[in-house]
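Subject: Structure for your files

Dear colleague,

Here is the structure we talked about, with its sequence. My notes on the sheet and the aromatic residues follow below it.

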Amino acid sequence: MIARSAKAACESRWMRSQGGIVMLFRKKTKQETVSYDRENEKPVLKCSICNGEQVAGFKNIQNGCFHEVMFIRNEKDLQDFKERYGIAEEIAKEY
């Protein structure tokens, strides 16, 4: 019989203390719509001309300050951003 290593014994003890089930992936819950100040802010995509990175956020209309909300990697991320903040119109891009 091969003796278990101390690390394996420790991990086994930890799993038993956690109920024996390790959840690696959780079911995504539907996100509720979050509001933003529609009178003073507008949704904007900041795009890099060098590498194409996109960051979604809100730009203050009065002073031009940009508040980053999330990094956009693909079209699904952009749709998630629009759904989360209830944005139906096209989002302006700034370079």
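Two strands are taken to pair here if DSSP finds at least two bridges between them. Please keep in mind that this is a predicted model.

The sheet

On that definition, the model has an open sheet of four strands, in the order β3-β2-β1-β4 and with mixed pairing. Strands β3 (66-72) and β4 (92-94) are at the edges; each has a single partner strand, so one side of each lacks a neighbour in the sheet. From one strand to the next the twist averages 35°.

As background, strands of a sheet pair through backbone hydrogen bonds, in either the parallel or the antiparallel sense. Strand β1 (residues 41-47) pairs with β4 in the parallel sense, over three bridges. Within that part of the sheet, K46 stands opposite E94 in β4.

Helix α2 (residues 75-85) packs on the sheet and touches β1, β2 (54-60) and β3. The direction of α2 makes about 135° with that of β3.

The aromatic residues

Which residues form the aromatic cluster? They are Y36, F58, F81 and Y85, in one cluster. A search of the whole structure finds five aromatic pairs, and I describe two of them here.

The rings of Y36 and F58 have centres 4.3 Å apart and planes at 25°. Planes under 30 degrees apart count as stacked, so this pair is stacked. Y36 is in the loop between α1 (6-17) and β1, while F58 is in strand β2, so the pair ties together parts that are 22 residues apart in sequence. Buried means under 20% relative accessible area. Y36 has a relative accessible area of 12% and is therefore buried; F58, with a relative accessible area of 3%, is buried as well.

Y36 also forms an aromatic pair with Y85, and this one is edge-to-face, at 6.4 Å centre to centre with 70° between the planes. The pair links distant parts of the chain, since Y36 lies in the loop between α1 and β1 and Y85 in helix α2, 49 residues apart. Both Y36 and Y85 are buried.

A lysine over a ring

K46, the residue opposite E94, also lies over the face of F66, at 5.4 Å from the ring centre.

Regards

Technical notes. Residues numbered from 1 in each chain as written. Predicted model: local features only at pLDDT ≥ 70, side-chain atom pairs only at ≥ 80, totals over all residues. Heavy atoms only, no water. Helix = DSSP H or I, 4+ residues; strand = E, 2+ residues; numbered from the N terminus. Axes fitted to C-alpha atoms, helices over the stretch in contact; angles between N-to-C directions. Contact = heavy atoms within 4.5 Å. Phe/Tyr/Trp six-rings, centres within 6.5 Å; stacked < 30°, edge-to-face > 60°. Buried < 20%, exposed > 50% of the residue type's maximum accessible area, 1.4 Å probe, protein only. Lys NZ or Arg CZ within 6 Å of the ring centre and 35° of its normal.
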